[in-house]
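Student: Hi! Could you walk me through this protein model?
Tutor: Happy to, let's look at it together.

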Amino acid sequence: MTIFSAGQDYNPGMDVIYIDSLFLLNLIIDYLLLLGAARLCGLPLRRKRFGLAAALGALWSVGIVLPGGAFLALPSMKLVLSAVMALIAYGRESHFFRSWGAFLLVSAALGGAVWAASMLGGVPRGASAYVPVSLRVLLLSFGLCYVALRLLFARSIRKREREVISVSLEFAGRSVSFQALRDTGNELYDPAGGRRVCVAEARVLCPLFPPEYAAVLHERDPIRILGELSRFPACRGRLSLVPYSSVGVERGLLPALRPDRLTVNGQTLDDTLIAVSPTVLCSDGEYSAVL
């Protein structure tokens, strides 16, 4: 992002521009653009990398006004610069091109908002390559653009902000692996032993049991599930009922099992129970358990 409008060359006779102010202004705006794009994509906020990429963008803006620097304002150069900035800021992420696209989208939105603000401020189109708007107007424009984009892409943003983790479960010589949503608001614990509880769909737990016992996991009655599983020798002394409440269920019970081993992202968790969910936990199948 630069405070110069696209497609025009800088003319030293038209404006007096202070290099330090130009650098600082673009540094702030570029940092906010990189930060906003990261939030839209649900990425970790690597602020030092964002600052380094923003500094590169600010130096580029200064280079435009220096003698012989007009070529830096060419669209092709802007595209190359945006790619390098995105690589510095988001190069460690798995979906780089999506992050780069979000950065371009936020930059374009802010550029349009700033241009509109300059028009409302009485600056005629084409009068100058420099857009003389205050930092307050720029920050306000950025805030409005960010809110608008958040509302427009609210559903996809919520999905990307999920923290989905890999879970491996071992029991009675068998093992299963599945994806789980790490829910920081999950306060489900076993009241008897104080163990944390991971809730998993019945379908991912079925491979842990022989067919005659796996079928009962799909039952809705937790007492029946517990009764049937108690006949399985490996389950003796490992079963319990965990009380829970959720939307539409004021008081309920979940059948729970103490596994031999539970590994989350390669780290073993001790004293964790696995409860059988009576319903599907994620409609799009991204995860099948909640931890």
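Tutor: One term to begin with: a residue is called buried when its relative accessible area is under 20%. Also keep in mind that this is a predicted model.

Student: Okay, what share of the residues in the protein chain is buried?
Tutor: Buried residues account for 41% of the 291 residues in the protein chain.

Student: And how many helices and strands are there?
Tutor: The protein chain has 9 helices and 9 strands.

Student: Let's zoom in on H2. How many residues does it have, and how far does it reach?
Tutor: Helix H2 covers residues 47-65, which is 19 residues. From first C-alpha to last it reaches 28 Å, close to the 27 Å expected at 1.5 Å a residue.

Student: Which residues of H2 are buried?
Tutor: Among them are Phe 50, Ala 53, Ala 54, Gly 57, Ala 58 and Trp 60. The list also includes Ser 61, Val 62, Gly 63, Ile 64 and Val 65.

Student: What do those buried residues pack against?
Tutor: They pack against two helices, H1 (19-41) and H3 (75-90).

Student: Let's do H3. How do H2 and H3 cross?
Tutor: Their axes come within 7 Å and cross at roughly 160 degrees. Because of that angle, H2 is roughly antiparallel to H3; the cut-off for that label is over 145 degrees. The crossing of H2 and H3 is right-handed.

Student: Which residues meet there?
Tutor: From H2, the residues include Phe 50, Ala 53, Gly 57 and Trp 60. On the H3 side, Leu 81, Val 84, Met 85 and Ile 88 are among them.

Student: Now H1 and H2. At what angle do they cross?
Tutor: The axes of H1 and H2 cross at roughly 140 degrees and come within 7 Å. That makes H1 oblique to H2. This crossing is right-handed.

Student: Who takes part in that one?
Tutor: Residues of H1 including Leu 22, Phe 23, Leu 27 and Tyr 31 meet residues of H2 including Arg 47, Gly 51, Ala 55 and Leu 59.

Student: What about H1 and H3, how do they pack?
Tutor: H1 and H3 pack at an angle of about 60 degrees, and their axes are 11 Å apart. With that angle, H1 is oblique to H3. The contact is made by Asp 30, Leu 33, Leu 34, Ala 37 and Ala 38 of H1, together with Met 85, Ala 89 and Tyr 90 of H3. The crossing of H1 and H3 is right-handed.

Student: How far apart are the end C-alpha atoms of H1?
Tutor: They are 33 Å apart, which agrees with the span of 33 Å that its 23 residues should have at 1.5 Å a residue. Just after H1, Gly 42 takes a positive phi of about 70 degrees.

Student: Back to Arg 47. Is it buried, exposed or partly exposed, and what's its area?
Tutor: Arg 47, which lies in helix H2, has a relative accessible area of 44%, so Arg 47 is partly exposed. Leaving aside neighbours within four places in sequence, Arg 47 is in contact with Tyr 31, Leu 35 and Arg 39. Arg 47 and Leu 34 are 13 residues apart in sequence, and their C-alpha atoms are 9.3 Å apart in space.

Student: Where is Ser 99 found?
Tutor: Ser 99 is found in helix H4, residues 96-120. Ser 99 counts as buried because its relative accessibility is 0%. Apart from neighbours within four places in sequence, Ser 99 is in contact with Ala 37, Cys 41, Leu 43 and Tyr 90.

Student: And where is Leu 74?
Tutor: Leu 74 is found in the loop between H2 and H3. At 42% relative accessibility, Leu 74 counts as partly exposed. Leu 74 and Ile 64 are 10 residues apart along the chain, with their C-alpha atoms separated by 10.0 Å.

Student: Last topic: how many disulfides are there?
Tutor: A search of the whole structure finds 0 disulfides.

Student: And are Cys 206 and Cys 235 buried or exposed?
Tutor: Cys 206 is buried, at a relative accessible area of 16%. Cys 235 counts as buried too, at 1% relative accessibility.

Key:
Residues are numbered from 1 along each chain as its sequence is written. This is a predicted model: local features need pLDDT of at least 70, side-chain atom pairs count only at pLDDT 80 or more; totals for chains, interfaces and linings use all residues. Side-chain values use heavy atoms; hydrogens and water are left out. Helices (H or I, at least four residues) and strands (E, at least two) are DSSP runs, numbered from the N terminus. The expected span of a helix is 1.5 Å times one less than its number of residues. Buried means under 20% relative accessible area, exposed over 50%, partly exposed in between (1.4 Å probe, protein chains only). Contact means heavy atoms within 4.5 Å. A disulfide is a pair of cysteine sulfur atoms within 2.5 Å. Axes are lines fitted to C-alpha atoms, for helices over the stretch in contact, and angles run from 0 to 180 degrees between N-to-C directions. Angles under 35 degrees count as roughly parallel, over 145 as roughly antiparallel, 65 to 115 as roughly perpendicular and the rest as oblique. A crossing is left-handed if the near helix is turned anticlockwise from the far one by less than a right angle, and right-handed if clockwise.
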